[in-house]
Amino acid sequence: MGGVEHLRRARDEMDRRYAEPLDIAALAATALASEAHFIRSFKREFGETPHRYLQRRRIERAATLLRETDRTVTEISLDVGFQGLSWFTTAFREIMGETPTAYRDRLRGAPPAMVPGCYTMMWTRKSSFPQAE
Amino acid sequence: MITKLSHATIWVLDQDEALTFYRDKLGFEVRTDQTLDSGFRWLTVGPPGQDIELVLMKPGPPAMPPEAAEQITALISKGAMGSGVFGTDDCRGTYAELSEKGVEFLEEPAERFYGVEAMFRDNSGNWFSLTQRSG
């Protein structure tokens, strides 16, 4: 089993390839771990399962596309890797607290936030500080 | 009045490895590399053309107790630390150049309303945006 740096590399792979299907075997190999050990270790270090992390990453990207493009909700759901609109809507609502359409309607016409992507990404990550949970 | 930001700290896991990354991969200039009698290594770098020193610091005593250093080191390793923005006149060209040198990108260059942006990590785990501002 690799160290936390290897787990981070596996997470980075999800950040890079968020629109591709989740490949636990490949990610576990990146982390130098068995699949079961990888999932357990990932959750211990980052506070959520790889699957949930990937969902969060996809929803973060989808939120950006909803804010900044005119693509339809269905198109965006496919762009970020969801296989169906209902799964996308459910995940979006769980993570963002509202539907994709409501999110888009609420922010339509709002001035764009001048926040660099790395800060947006940081804000949407689960905290690394357990006391912040 | 304050006239500029002259120094900022980037916490790194290993100063030698960080130096290799910032100097040889990002192309930064070494501004100071001096080890004091106390053993404290003052290592600063900066992008060519900008008068700023980025201090590459390794967490540890005497600046902080070992347990605090351990926590910060864990956060760096997890990729939870960092977040800053480096500017470029050509995000896609710089992305290609740095990728060729082995820099790990989290996001390829993409259009944003404020320009073109990519995201990368240093070899400690700190992440940064690489932004080409529009307009």
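A salt bridge is a side-chain nitrogen of Lys or Arg within 4 Å of a carboxyl oxygen of Asp or Glu. By that rule, 5 salt bridges are counted between chain B and chain A. The model is predicted.

**Contact between the chains**

- Chain B puts 26 residues into the contact, and chain A puts in 28 residues.
- About 2200 Å² is buried between chain B and chain A, with carbon and sulfur atoms giving 54% of that area.
- One salt bridge joins the side chains of Arg61(A) and Glu107(B), at 3.8 Å from N to O.
- The interface of chain B and chain A also has 9 residue pairs in polar contact.

**The side of chain B that touches chain A**

- Helix H2 (66-78) and the strands E5 (82-87), E6 (104-112), E7 (115-121) and E8 (127-133) of chain B each supply at least two residues to this side.
- E6(B) provides the largest share, 5 residues.
- By type, this side of chain B has 12 nonpolar, 7 polar and 7 charged residues.

**The second largest pocket**

- The volume of the second largest pocket is about 590 Å³.
- Its lining has 28 residues, and those closest to the centre are Phe28(B), Leu54(B), Val85(B), Phe86(B) and Phe128(B).
- Strand E1 (7-11), E5, helix H3 (91-100) and E8 of chain B each give two or more residues to the lining.
- E5(B) gives the most, with 6 residues.
- The lining divides into 16 nonpolar residues, 11 polar and 1 charged.

Notes. Residues numbered from 1 in each chain as written. Chains lettered and ligands numbered in written order. Predicted model: local features only at pLDDT ≥ 70, side-chain atom pairs only at ≥ 80, totals over all residues. Heavy atoms only, no water. Contact = heavy atoms within 4.5 Å. Buried area = accessible area lost by both parts, 1.4 Å probe. Polar contact = N/O pair within 3.5 Å; in protein donor to acceptor, adjacent residues only side chain to side chain. Helix = DSSP H or I, 4+ residues; strand = E, 2+ residues; numbered from the N terminus. Nonpolar A, V, L, I, M, F, W, Y, C, P; charged D, E, K, R; others polar. 1 Å grid on protein atoms, 1.4 Å probe; cavity = no way out; pocket = protein on both sides within 12 Å on 5 of 7 lines; lining within 4 Å. Points joined across faces, edges and corners; volume = space filled by probe spheres on them.
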